[in-house]
Amino acid sequence: MALMLRFVLLCGIADFTRSLSITTPEQKIEKAKGETAYLPCKFTLSPEDQGPLDIEWLISPSDNQQVDRVIILYSGDKIYDDYYQDLKGRVHFTSNDLNSGDASINVTNLQLSDIGTYQCKVKKAPGVANKKVLLTVLVKPSGTRCFVDGSEEIGNDFQLKCEPKEGSLPLRYEWQKLSDSQKMPTPWLAEMTSPVISVKNATSEYSGTYSCTVQNRVGSDQCLLRLDVVPPSNRAGTIAGAIIGTLLALVLISVIIFCCRKKRREKKYEKEVHHDIREDVPPPKSRTSTARSYIGSNHSSLGSMSPSNMEGYSKTQYNQVPSEDFERTPQSPSLAPAKVAASNLSRMGAVPVMIPAQSKDGSIV
């Protein structure tokens with residue numbers, strides 16, 4: 001009985017091994033950013049696999065913080081490729097007939113976000129199988145720049161530098177001399193695979209054209225450098241010239257500032273002279289108003305006189321005017337004093353007053 005059970009188990013295992021299987025081994029694929037990655041998944045079916053064919057590709061992102069996501073699916077003779085937004089429009093089956101046993105896919109225009117573990121699942125009842133593919137996306141070296149850090153003069157120390165703008169690690173460097181004997185100076189041999197070559201006590205023999213090649217597992221980039229080691233310049237003369245130039249510039253700036261300030265003061269003075277108005281000097285009085293006020297005052301005086309004081313007033317000259325106005329308007333001595341007509345006096349507001357006559361003895365007539 002035990003022998004019979006053992007035989008049945010062995011037969012079941014043999015039948016299982018002849019069911020659906022994926023023949024492609026698990027792989028690690030490295031591709032450069034922007035390229036297309038081919039992820040293989042080929043399978044074979046057994047006669048017992050009679051159910052509908054279902055093919056499913058999933059991704060496990062490299063950050064391990066997200067669950068597996070379906071990126072493309074084949075079911076019921078239809079393809080669904082809009083499950084994963086980051087790969088939408090960039091993932092496709094390579095075969096037009098998936099029943100032929102090829103479930104491989106292409107991922108185009110690779111990005112760093114595409115890094116992860118991809119899993120291919122094939123199901124055709126009762127058979128089921130799956131395989132994993134690890135995809136790594138690297139960045140090629142690019143934008144490499146070669147330059148000299150320091151003064152290229154005989155006897156000086158400086159550095160030759162090779163710096164790529166981008167590129168996935170690890171990076172390998174290689175320096176070469178392209179001119180003259182095409183042999184690198186002996187002191188530099190230890191640094192030929194370094195991004196920086198330190199030059200000590202430079203000589204004219206170091207002059208020439210050099211190249212630096214940067215490589216990683218998916219690509220390479222190169223830059224050129226022209227090195228000219230020249231005799232040292234006259235530093236004392238250069239420093240003296242710089243000092244003199246600085247002093248002249250300071251003098252010129254001072255002169256400009258002085259001229260500007262002087263011109264500004266002159267304009268300010270002219271403006272004050274033209275617009276200076278003395279507020280403590282009252283405006284001149286009108287002669288007409290003076291005459292009116294004088295006559296009005298006399299009129300009021302006359303109105304208040306009584307016969308007892310008329311004698312003193314009769315001796316006052318009627319045509320007397322304030323001396324202030326006549327001092328401001330000098331008159332020619334040859335002209336006779338002007339007399340004011342009665343009509344003009346009336347127009348000026350004067351009131352006619354009758355003065356009583358007196359006899360020789362002083363009595364009023």
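A: In this predicted model, a nonpolar patch on the surface is formed by Ile239, Ile243, Leu247 and Leu250, which together have about 390 Å² of accessible area. One of these residues, Ile243, has its place in helix α2, which runs over residues 235-274. Ile243 counts as partly exposed because its relative accessibility is 47%, and the range between the cut-offs of 20% for buried and 50% for exposed is what that term covers.

Lys177, in strand β14 (residues 172-177), has a relative accessible area of 7% and is therefore buried, the limit for that class being under 20%. Once its neighbours within four places in sequence are left aside, Lys177 is in contact with Gln182, Lys183 and Met184, and also with Glu205, Ser207, Gly208, Thr209 and Tyr210.

Elsewhere, an open sheet is built from 6 strands with mixed pairing, and their order is β2-β11-β10-β5-β6-β7. The edges are taken by β2 (27-32) and β7 (78-80), and each has a single partner strand, so one side of each is left without a neighbour in the sheet. On average, and with direction ignored, neighbouring strands of this sheet are turned by 20° against each other. At the β2 edge, the pairing with strand β11 (residues 127-138) is in the parallel sense and extends over 6 bridges; Ala32, for its part, has Leu138 as its bridge partner in β11.

Note on methods: Residues numbered from 1 in each chain as written. Predicted model: local features only at pLDDT ≥ 70, side-chain atom pairs only at ≥ 80, totals over all residues. Heavy atoms only, no water. Pairing = 2+ DSSP bridges. Helix = DSSP H or I, 4+ residues; strand = E, 2+ residues; numbered from the N terminus. Axes fitted to C-alpha atoms, helices over the stretch in contact; angles between N-to-C directions. Patch = residues over 30% accessible without salt bridge, like charges linked within 9 Å, V, L, I, M, F, W, Y side chains within 5 Å. Areas by Shrake-Rupley, 256 points an atom, 1.4 Å probe, with all protein chains shown as cover. Salt bridge = Lys/Arg side-chain N within 4 Å of Asp/Glu carboxyl O. Buried < 20%, exposed > 50% of the residue type's maximum accessible area, 1.4 Å probe, protein only. Contact = heavy atoms within 4.5 Å.
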